[in-house]
Amino acid sequence: MSLVPVIEGEPLNQFPEKSSKKRSNWRHNVMLMLLLFYQLIPGWGNNLLESFFPIVVEHRDWSKTLLGALFSTFSFARLLCYVIFPHSITTWGTSISFGVFGLIGQLSQFLFGFVEYIPDNGWFIFTCFFLRIAESIGLNISHMYSYNLLMELYPTKRTLLTSLSVVISAVGYGLAPPFGSIIFATFGFEFPFVTSGSMFLAIVLYCWFEAPAYILDRCDSNEQRPTYMGLLRNPGITLIFISDLTSAIVHVYVAANFAAYLHDYYNEDQYSIGGECMIYPMSVALTSLLFTFFLNLCKPIYPTILGMIITLLAMLLVGPTEVLGFPYSLTISLIGCVLLGIGAGMFTVPGIETQTRLAVSVSGYPDNVDTRSLIQQSLRIWFSVGNMIGLIFGGFINDYLGFQIASALLCLLGWPFLFALMAWSVFRFNVL
């Protein structure tokens, strides 16, 4: 599978004139930087409102369960995108998949800033859910297109680009809460959505006109085309996917409820909450970037398992509970967030690389954009399911048991699958 950039009918690597070459290189680099910047979208779109929206709807008597349901609609719509839309949607190679769906996503985010002006609570709830679903569909489909295009732009750097995509997405998760909190506290409810929607809308419009310059060819007919069920037939890949699901339950529960926990238990203001909510995703980003450069020093299954262990243990610190002997302390909660981010960073990138190696060496799939894109898409399916469970079930037990006890209970979820992955890795060490 190959990508051939074309301008005025000629491939970019064939330059009849020096001036044309400079102009083409400039356009090529701008497109690359914008596509990398667009990797912020999954985390940014998902987390922008979670740091301040619970405070906004306090006067409307929203329960944490209803809040969890609203936040989970982003993951639910994302799941529908990855299941209903064919894998080939990311290889259309036209401006349609990026431009149209990017517009839908950014305009929905822009309009969400004005839902507070709806006085009727019933219509308010309906509009919030409708715009959230439309935003998720638009952002996630356009993000799939941008990721595949990155894979084709630099086929020899796919591992690095995959890691950068994870890192930048984690940065999006990290920057969105403080951005939303600070803009909300300074200018009001609508400004975070108007500012963010306008910024990314400009990127979408630019890339919409540039994207047709890139042509994506289909997979070589002689290569075995990867399938989702083919991946699941490999026990190692499946166990990592299940671990991804349990990890997503844990992480999204913290992302959705930690800001309210800081506000309710420690009376933190919006500026402090924004900065403290940034600790976890920035830890993910830095750890992911670090392990990107250490993947060749050891088998990736090692940091995958170690990262999962750290993630589960960190949940006992994020919501410290005296029942388990931990003192009630903001410092311990923030240390737990740091460890949670380190565990996620160690788990995610090496986990993807482990799955890719298994898909190539055991399942016999080619190491190309189709295989890596399918693994990424499958990973997001499992993450989306985990996000929905974490938001709805986590919000439910948070309502009845509180953040601290709920965090400790969620810690127990991943251990059975972690032990299964450890046992499998011992028996299949030679293929890892």
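1. Let's start with a crossing. Where helix 10 passes helix 17, the crossing is left-handed. The residues that make this contact are P235, G236, L239, I240, I242, S243 and T246 on the helix 10 side, and F417, A420, L421 and W424 on the helix 17 side. Sort them by class and you get eight nonpolar, three polar and no charged residues. Keep in mind as you read on that this is a predicted model.

2. How are those two helices set against each other? Helix 10 covers residues 235-266 and helix 17 covers residues 415-427; their axes come within 9 Å and cross at roughly 155 degrees. Angles over 145 degrees count as roughly antiparallel, so helix 10 and helix 17 are roughly antiparallel to each other.

3. Helix 10 also has a contact with helix 13 (residues 301-318): here the axes come within 11 Å, with a crossing angle of roughly 25 degrees. That makes the pair roughly parallel, because angles under 35 degrees count that way. The crossing of helix 10 with helix 13 is left-handed. From helix 10, the contact uses S243, T246, S247, V250, H251, Y253, V254, F258 and Y261, and from helix 13 it uses M308, T311, L312, M315 and V318. By class there are nine nonpolar residues, five polar ones and no charged ones. Look out for S243 and T246: they turn up in the contact with helix 17 and in the one with helix 13.

4. Now try helix 15 (residues 369-401) and helix 16 (residues 403-411). Their axes come within 7 Å and cross at roughly 135 degrees, which makes helix 15 oblique to helix 16. What is the handedness of the crossing of helix 15 and helix 16? Helix 15 passes helix 16 in a right-handed crossing. F393, I397, N398 and L401 of helix 15 meet F403, I405, A406, L409 and L410 of helix 16. The class count for this contact is eight nonpolar, one polar and no charged residues.

5. On to charged pairs. How many salt bridges does a search of the whole structure find? The search finds two. In one of them, the side chains of R132 and E135 meet at 3.6 Å, N to O. Both residues belong to helix 6 (residues 121-153), where they are three residues apart, about one turn of the helix. R132 and E135 are both buried.

6. In another salt bridge, R357 and E353 bring their side chains together at 3.4 Å, N to O. This pair lies in helix 14 (residues 330-361), four residues apart, which is again about one turn of the helix. Are R357 and E353 buried or partly exposed? R357 has a relative accessible area of 28% and is partly exposed, while E353 has 10% and is buried. The cut-off to remember is that buried means under 20%.

7. While you're on helix 14, find M346, which sits in that helix. M346 is buried, with a relative accessible area of 7%. Setting aside neighbours within four places in sequence, M346 is in contact with T287, F291, P303, T304, L306, G307 and I310. M346 and I305 are 41 residues apart in sequence, but 8.5 Å apart in space, C-alpha to C-alpha.

8. Now a loop residue. N234 is in the loop between helix 9 (228-232) and helix 10. Is N234 buried or exposed? With 5% relative accessibility, N234 counts as buried. Apart from neighbours within four places in sequence, the contacts of N234 are L358, V362, S363 and W424.

9. For a contrast, pick L111, which is in helix 5 (residues 95-112). L111 has 45% relative accessibility, so L111 counts as partly exposed. L111 and T127 are 16 residues apart in sequence and 9.9 Å apart in space, C-alpha to C-alpha.

10. Finally, step back and take in the whole protein. The secondary structure comes to 17 helices and three strands. The chain has 432 residues, and 60% of them count as buried. Take the contacts between residues at least 6 apart in sequence: 85% of these join residues at least 24 apart.

Methods
Residues are numbered from 1 along each chain as its sequence is written. This is a predicted model: local features need pLDDT of at least 70, side-chain atom pairs count only at pLDDT 80 or more; totals for chains, interfaces and linings use all residues. Side-chain values use heavy atoms; hydrogens and water are left out. Axes are lines fitted to C-alpha atoms, for helices over the stretch in contact, and angles run from 0 to 180 degrees between N-to-C directions. Angles under 35 degrees count as roughly parallel, over 145 as roughly antiparallel, 65 to 115 as roughly perpendicular and the rest as oblique. A crossing is left-handed if the near helix is turned anticlockwise from the far one by less than a right angle, and right-handed if clockwise. Contact means heavy atoms within 4.5 Å. Ala, Val, Leu, Ile, Met, Phe, Trp, Tyr, Cys and Pro count as nonpolar, Asp, Glu, Lys and Arg as charged, and the others, Gly among them, as polar. A salt bridge is a side-chain nitrogen of Lys or Arg within 4 Å of a carboxyl oxygen of Asp or Glu. Buried means under 20% relative accessible area, exposed over 50%, partly exposed in between (1.4 Å probe, protein chains only).
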